[in-house]
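Let's take a walk through this structure together. Please have the sequence and the 3D view open as you read.

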2 protein chains.
Amino acid sequence: MKTVNCKNIKITDGFWKVKQDMVRDVTLKSVYDRFKETHRFDALDCIWKEGDPDMPHVFWDSDIAKWIEGLAYSLNYSENEELEKIADEAIEKICKNRDENGYFNSHFLVTGERFSDRTEHELYCAGHLMEAAVAYYEATGKKALLDAMCKYADYIEKCFVIEKSAKFITPGHPEIELALVKLYEITGEKRYLELSKFFVDNHGANPDDQPMYRGCNELYNQDDVPLRERTTADGHCVRALYLFCAMADLAYLYNDKELFEAADRCFMNIVDRRMYITGATGSTCHGESFTIDYDLPNRDAYAETCASISLAFFGNRMIKLNPNSKYADAVERVIYNGALSGVSMDGKGFFYENPLEIDVDYNNVNKCTESGKRFPITQRKEVFDCSCCPPNVIRFISGIGEYLYSYTADTLFVNQYISSDAGIEGMTVSQITDYPSTEEVKINIKNSNKKYVALRIPAWCKDFEINKAYTLKNGYAYIEIAENDEILLTLSMPVKFISANKRVHDCAGRVAVMRGPVVYCLEGVDNGKDLNSIRIDIKEKTELSEKEFLVPNITIKGYKEPENENLYFETTEDYIETKLQLIPYFAYANRGETDMLVWILKK
Amino acid sequence: MKTVNCKNIKITDGFWKVKQDMVRDVTLKSVYDRFKETHRFDALDCIWKEGDPDMPHVFWDSDIAKWIEGLAYSLNYSENEELEKIADEAIEKICKNRDENGYFNSHFLVTGERFSDRTEHELYCAGHLMEAAVAYYEATGKKALLDAMCKYADYIEKCFVIEKSAKFITPGHPEIELALVKLYEITGEKRYLELSKFFVDNHGANPDDQPMYRGCNELYNQDDVPLRERTTADGHCVRALYLFCAMADLAYLYNDKELFEAADRCFMNIVDRRMYITGATGSTCHGESFTIDYDLPNRDAYAETCASISLAFFGNRMIKLNPNSKYADAVERVIYNGALSGVSMDGKGFFYENPLEIDVDYNNVNKCTESGKRFPITQRKEVFDCSCCPPNVIRFISGIGEYLYSYTADTLFVNQYISSDAGIEGMTVSQITDYPSTEEVKINIKNSNKKYVALRIPAWCKDFEINKAYTLKNGYAYIEIAENDEILLTLSMPVKFISANKRVHDCAGRVAVMRGPVVYCLEGVDNGKDLNSIRIDIKEKTELSEKEFLVPNITIKGYKEPENENLYFETTEDYIETKLQLIPYFAYANRGETDMLVWILKK
């Protein structure tokens with residue numbers, strides 16, 4: 001099975017058109033401005049010297065690279081001369097300032113010894129530059145960065161594989177593994193694929209490798225066991241997920257069943273035991289990491305935007321290995337919830353962490369010591385010192401087309417429902433839908449060279465209709481199609497109350513409200529204080545209300561505790577009825593600082 | 001009003017007789033053995049030198065002192081030649097090894113410069129030695145330590161007040177303030193009282209004082225405002241509460257209304273907003289401190305045993321200033337719950353932290369970094385590096401008589417109900433009761449020189465009977481008594497379900513089970529896994545069952561979630577009925593490592 005490159009898919013209307021327009025009109029420029037102000041673009045000049053201010057940070061190149069990659073995806077659907085010129089200039093500086101070996105890193109070229117410290121983000125930056133190079137070439141046909149990155153990859157191969165002059169074996173922060181696969185796919189140069197395999201095979205399998213940061217053990221960097229033997233997703237979430245992406249890529253390209261099974265075990269461990277209902281991962285800020293099965297605290301969730309996005313990357317790769325809807329279901333959960341909450345409705349503000357509960361007063365309880373229990377920030381920021389998430393949001397939204405389709409010789413798989421026009425090996429596939437606001441999806445197919453279309457029936461949907469005969473298999477409805485055909489799919493989308501497994505102790509006695517793939521939340525601005533003590537009765541009727549944030553809000557009767565000034569008092573059965581308004585989780589914190597809650601007490 | 005020294009009260013039977021016998025027969029010796037093994041007693045030789053192992057720790061003297069103080073209280077009710085000899089030897093070493101000024105500190109005599117660093121526990125140790133000296137003199141008539149401590153107090157006055165040679169003004173860890181009051185009371189030497197007042201007046205009122213530890217701000221040490229202006233209890237709980245004890249003492253002895261009002265504000269802020277249902281305080285391990293109103297997390301509660309004990313100290317002092325039952329109510333809450341949980345049923349094991357929830361699997365979630373979210377330990381230990389709690393438990397239980405009575409010229413106040421014989425200024429007062437197992441208390445009074453007896457009617461008791469006419473005022477039932485009289489009090493003690501204020505977000509939707517003053521909990525060993533998801537219906541009947549831990553256990557029907565392997569699933573109203581057993585909170589963690597929960601989901 002293959003997936004369809006986002007450059008072949010144009011989002012035409014609806015939910016993601018709004019988001020792509022926002023990225024094109026606001027986010028790209030705003031993130032550029034913040035990166036310019038914070039000297040990230042200046043660092044490409046490589047003229048910093050000891051004593052100067054603003055030493056280029058070890059991961060700044062990756063910020064620029066992801067911005068270029070995101071811009072490239074947006075150029076697929078909209079020209080942008082101003083930003084393309086900025087990207088060209090940045091690329092020119094990279095090409096000019098790299099050394100004679102093709103090495104480029106704006107930090108190491110002006111400071112320390114290259115390839116000497118595993119914990120620095122040197123190969124991570126290289127990987128992101130490679131991804132940018134591939135995307136920018138595909139979008140613009142400009143080959144300068146791609147050529148530069150091929151030369152750089154050659155040099156990396158020399159240092160890590162041929163001459164082994166590097167002082168470590170595998171990168172401290174995976175990323176280059178999946179990037180080398182992209183480099184292989186665009187160039188056909190198998191050495192890049194093999195270099196990726198070299199890194200993947202050595203992760204966790206090479207006791208001679210350098211240790212990680214002080215304070216981080218071998219789990220942090222997935223170094224505890226060889227990747228092929230992994231049974232759980234551990235350590236730093238983004239590191240783990242980028243690495244799992246490469247595992248999936250290599251399993252696919254080498255037809256490596258063992259590697260697929262390892263990747264699938266990790267995937268299932270995540271989605272069955274270590275993932276928030278929003279698709280987010282990272283149960284603790286300590287190591288930005290997975291912890292143990294079912295440990296999913298809400299208020300101090302880490303739930304990094306980049307981790308959500310990278311779970312979508314991972315899921316979309318697994319689709320190619322196994323025609324089972326569980327992967328695209330996870331992608332859908334991520335893209336409408338834990339990834340999208342990372343950006344404000346105006347496109348300028350970003351969350352690094354996406355908790356499932358905000359308690360404004362209590363999130364700042366450390367009054368008498370500098371260090372202490374840490375909670376996520378409550379309002380989005382335009383830039384972070386470690387600003388990986390903002391450009392990741394750009395490439396995720398600009399590249400949303402990537403998730404729509406996959407295909408085999410005889411079947412087209414429709415994985416996500418988004419209004420769009422796609423060209424797939426000569427055939428044209430259009431979707432017309434206001435999903436997930438409404439339940440209907442119309443799919444027009446022209447010049448089909450496939451025998452079947454397989455429509456994903458989301459696991460959340462218990463009631464659907466198709467205007468054709470179908471066979472259900474592994475979560476897909478397979479439909480025999482004509483050369484030109486029209487399919488009408490209706491995914492019934494009632495409001496549902498969702499429970500978490502009883503082993504998720506932080507959600508005990510609580511329900512989440514979902515409609516279709518969208519998770520909802522209460523905000524203080526609508527529902528007052530002490531959201532935690534408000535109850536809902538799952539037998540109550542819910543109503544859809546205004547479409548304040550791209551999908552309808554939901555109203556339901558709620559039950560509040562009566563006022564009582566005592567700290568402890570005899571329990572009563574008294575409640576005050578109230579009308580609650582829920583908004584989509586992805587839109588939280590867009591109306592000033594206020595409390596927020598996903599998991600609501602069940603009456 | 002005066003309170004009655006515990007040396008005049010003999011506990012004769014029931015709950016506290018069991019605990020006092022345990023301390024006498026097991027705890028005193030066990031703690032001594034651990035302190036001996038860990039070289040705390042050897043440190044009194046003051047022969048340590050650079051390069052030797054086991055440098056005397058800065059707070060070791062306080063451990064010895066509290067042990068001697070606790071032993072002294074136990075000698076009031078039981079002779080113990082072996083341990084008295086150990087105490088005598090320790091005191092002999094202290095007297096022998098102090099310097100010519102009377103200064104003694106086993107750490108500073110062999111290491112750094114004395115009175116130079118506010119953050120060290122130098123005056124804290126001195127204070128505890130003074131308390132020990134007073135108690136040991138009262139119990140044994142032996143005056144050596146008391147004389148030594150008077151000389152030491154004189155030297156402290158010289159260094160801090162007269163010559164001002166000390167490099168700080170107030171101690172980093174309060175304790176000496178309340179100890180100096182005791183020294184004044186036993187010697188009649190008013191300079192000691194004034195020295196206490198000097199420290200109390202300067203706390204938070206002297207911007208020239210040394211700062212505290214790096215990382216701790218002025219709240220940590222109650223340095224943010226002058227004590228007279230305090231409106232909230234902030235910072236390190238034990239430091240705050242020892243200081244508040246001295247405030248209460250000075251308010252009483254100087255008849256200082258302003259100081260009383262400040263102390264009362266702090267007391268009410270604690271009991272109305274910052275205290276666990278167990279009487280424990282300390283919402284975070286960071287700074288071992290109070291945080292903000294209603295922030296009372298259960299699983300990562302700090303709830304230090306010493307903080308609970310010191311709230312009892314504080315409450316018992318406030319009783320003398322204001323004949324209101326709220327103080328003795330708080331004392332009762334502490335002594336049956338958050339303080340007593342600090343020691344195992346066998347008398348050998350101790351908790352420093354007393355959380356209201358243990359989740360064995362989840363309490364150890366930090367898998368990939370050294371530092372991380374911190375949870376209390378799940379099993380009691382016999383000694384800690386910082387072992388303040390074990391000897392505090394000894395003096396608290398041995399001295400439990402202290403909390404029973406207070407009196408004015410015409411009224412005897414009965415503050416706690418404990419089987420005992422007391423001699424109070426010529427009158428004899430006996431209590432016969434199995435409280436809090438049973439509801440009846442018989443009080444025999446002989447040779448009364450009071451007109452009234454005022455019986456505390458606990459705030460938890462809504463239904464009581466007295467065999468005499470009474471007038472209820474501020475939580476006390478005032479009864480006119482004859483010279484020889486017998487009072488029968490029945491405090492109806494049904495099992496109650498208690499809610500927390502809705503601002504306590506960590507208890508939302510949950511109830512605690514109490515019977516009389518005793519808080520109950522579920523343990524995994526009785527009730528299985530996932531206690532957090534078990535519900536109880538407050539309309540269900542409860543039953544008292546076997547008296548496994550001094551008071552009856554409680555059984556009630558419970559509702560468990562059905563098994564469901566999914567991480568998220570549509571909510572149902574299905575439950576599995578089950579029989580739950582609750583045990584008294586103070587007895588948790590006595591049957592192996594297991595989950596524990598105080599706040600139970602309300603169905």
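The paragraphs below go through helix contacts, sheets, an aromatic pair and a few backbone details. Please keep in mind throughout that this is a predicted model.

Let's begin in chain A with two helices, α2(A), residues 60–75, and α3(A), residues 81–97. Their axes come within 11 Å and cross at roughly 140°. An angle over 145 degrees would count as roughly antiparallel, so α2(A) and α3(A) are described as oblique to each other. The crossing of α2(A) and α3(A) is left-handed. On the α2(A) side, the contact is made by A:Trp67, A:Ile68, A:Leu71 and A:Leu75. Helix α3(A) brings A:Leu83, A:Glu84, A:Ile86, A:Ala87, A:Ala90 and A:Ile91. Sorted by class, this contact has nine nonpolar residues, one charged residue and no polar ones.

Among the residues making the contact are B:Leu123, B:Met130 and B:Tyr137 of α4(B), together with B:Ile176, B:Leu180 and B:Ile186 of α6(B). By class, the contact of α4(B) with α6(B) has 11 nonpolar, one polar and three charged residues.

Now for the sheets. Strands of a sheet pair through backbone hydrogen bonds, either parallel or antiparallel. In chain A, six strands form an open sheet in the order β2-β6-β7-β8-β13-β10, with antiparallel pairing. Strands β2 (9–11) and β10 (464–466) of chain A are its edges, each pairing on one side only. From one strand to the next, the twist averages 15°. Within this sheet you can follow β7(A), residues 427–433, and β8(A), residues 440–446, which run antiparallel and are joined by six bridges. For a landmark, find A:Ile432, which stands opposite A:Lys442 in β8(A).

The loop between β7 and β8 of chain A holds A:Pro436. A cis peptide bond joins A:Tyr435 to this proline, with omega about 5°. Turning to chain B, the peptide bond from B:Tyr435 to B:Pro436 is cis, with omega near 0°. B:Pro436 sits in the loop between β7 (427–433) and β8 (440–446) of chain B.

Chain B also has an open sheet of six strands with mixed pairing, ordered β1-β4-β5-β9-β12-β11. Its edge strands are β1 (2–3) and β11 (471–473) of chain B. Three bridges join β4(B), residues 405–407, to β5(B), residues 411–414, and these two strands run antiparallel. B:Tyr405 has B:Val414 in β5(B) as its bridge partner. Helix α11(B), residues 325–338, packs on the sheet and touches β9 (452–456) and β12 (476–480) of chain B. The direction of α11(B) makes about 50° with that of β9(B).

Which aromatic rings link distant parts of the chain? The count over all chains comes to 64 aromatic pairs. In one of them, the ring centres of A:Phe15 and A:Phe586 are 5.4 Å apart with the planes at 85°, so the pair is edge-to-face. A:Phe15 lies in helix α1 (residues 14–37) of chain A, while A:Phe586 is in the loop between β21 (576–584) and β22 (596–597) of chain A, 571 residues apart.

One last stop is A:Ala589, in the loop between β21 and β22 of chain A. A:Ala589 has a positive phi of about 60°, although it is not a glycine.

How values were computed:
Residues are numbered from 1 along each chain as its sequence is written. Chains are lettered from A and ligands numbered from 1 in the order in which they are written. This is a predicted model: local features need pLDDT of at least 70, side-chain atom pairs count only at pLDDT 80 or more; totals for chains, interfaces and linings use all residues. Side-chain values use heavy atoms; hydrogens and water are left out. Axes are lines fitted to C-alpha atoms, for helices over the stretch in contact, and angles run from 0 to 180 degrees between N-to-C directions. Helices (H or I, at least four residues) and strands (E, at least two) are DSSP runs, numbered from the N terminus. Angles under 35 degrees count as roughly parallel, over 145 as roughly antiparallel, 65 to 115 as roughly perpendicular and the rest as oblique. A crossing is left-handed if the near helix is turned anticlockwise from the far one by less than a right angle, and right-handed if clockwise. Contact means heavy atoms within 4.5 Å. Ala, Val, Leu, Ile, Met, Phe, Trp, Tyr, Cys and Pro count as nonpolar, Asp, Glu, Lys and Arg as charged, and the others, Gly among them, as polar. Two strands pair if DSSP finds at least two bridges between them. Rings of Phe, Tyr and Trp (its six-membered ring) pair if their centres lie within 6.5 Å; planes under 30 degrees apart count as stacked, over 60 as edge-to-face and the rest as tilted.
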